[in-house]
Amino acid sequence: MGDESALPPPSESVTAPLGTSLSSAGFWLRSGAFVIDIVLLAAVLRLLNLSAPLGVIMETVYFTWMPVNGQTLGKRAAGLAVVRANGASLSYGRAFGRSLGYVASNVTLGLGFLMAAFTREKRALHDFIADTRVVQAQKIGTGRK
């Protein structure tokens, strides 16, 4: 038997079997994944002793490159994936736009992130900007709860 929990390669869509749909990831699960990403990035920036401008560049590269490959490290730990609203994989351009959308989510004093708690598909402002959503790619086992 193959590894059913693995994500498909970036060239494929993360679509659900016919008759089912991808389950949107909830606000708290998304928040936990984001915290993991930010802590990891902060640790790397601290270790490398990078300046703030280089840190911003590194963060933008991370949040652009990783979602194109399906998941950031935090989302992988939480069993989540970033996909287009229709379930297709992200292009680099769309992932870059999504990472820039984090600025809009931050400028609104975090309300852009909080939107994910109240919208139907649990989408944040940067998801609406880039036409993306975060879905549960793997079942949440007891180790992740």
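What percentage of the 145 residues of the protein chain count as buried? The share is 34%, where buried means under 20% relative accessible area, exposed means over 50%, and partly exposed lies in between (1.4 Å probe, protein chains only).

This is a predicted model, in which local features need pLDDT of at least 70 and side-chain atom pairs count only at pLDDT 80 or more, while totals for chains, interfaces and linings use all residues. Residues are numbered from 1 along each chain as its sequence is written, and side-chain values use heavy atoms, with hydrogens and water left out.

View 1. From the N terminus on, the elements run α-α-α-β-α-α-α-β; helices (H or I, at least four residues) and strands (E, at least two) are DSSP runs, numbered from the N terminus. The protein chain exposes about 8,500 Å², of which carbon and sulfur atoms supply 65%, with accessible areas taken from the Shrake-Rupley method with a 1.4 Å probe.

**View 2. A nonpolar surface patch of about 910 Å².** The patch is made by Val-44, Leu-47, Leu-48, Leu-50, Leu-54, Ile-57, Val-61, Trp-65 and Tyr-92. The elements giving two or more residues to this patch are helix H1 (27-48) and helix H2 (52-68), and H2 gives the most, with four residues. Patch residues have over 30% relative accessible area and no salt bridge, with like charges joined within 9 Å and nonpolar side chains (Val, Leu, Ile, Met, Phe, Trp, Tyr) within 5 Å; a salt bridge is a side-chain nitrogen of Lys or Arg within 4 Å of a carboxyl oxygen of Asp or Glu. Leu-50 sits in the loop between H1 and H2, and counts as partly exposed because its relative accessibility is 31%.

**View 3. The lining of the second largest pocket.** Among the lining residues are Phe-34, Ile-38, Val-56, Phe-63, Tyr-102 and Phe-113. H1, H2 and helix H4 (92-107) each supply at least two lining residues, and the largest share, five residues, comes from H4. On a 1 Å grid over the protein atoms alone, a pocket is an open set of points where a 1.4 Å probe fits, with protein on both sides within 12 Å along at least five of seven lines, and lining residues have an atom within 4 Å of a point.

**View 4. Ser-105 in helix H4.** Ser-105 counts as buried because its relative accessible area is 0%. Leaving aside neighbours within four places in sequence, Ser-105 is in contact (heavy atoms within 4.5 Å) with Gly-110, Leu-111, Gly-112, Phe-113, Leu-125 and His-126.
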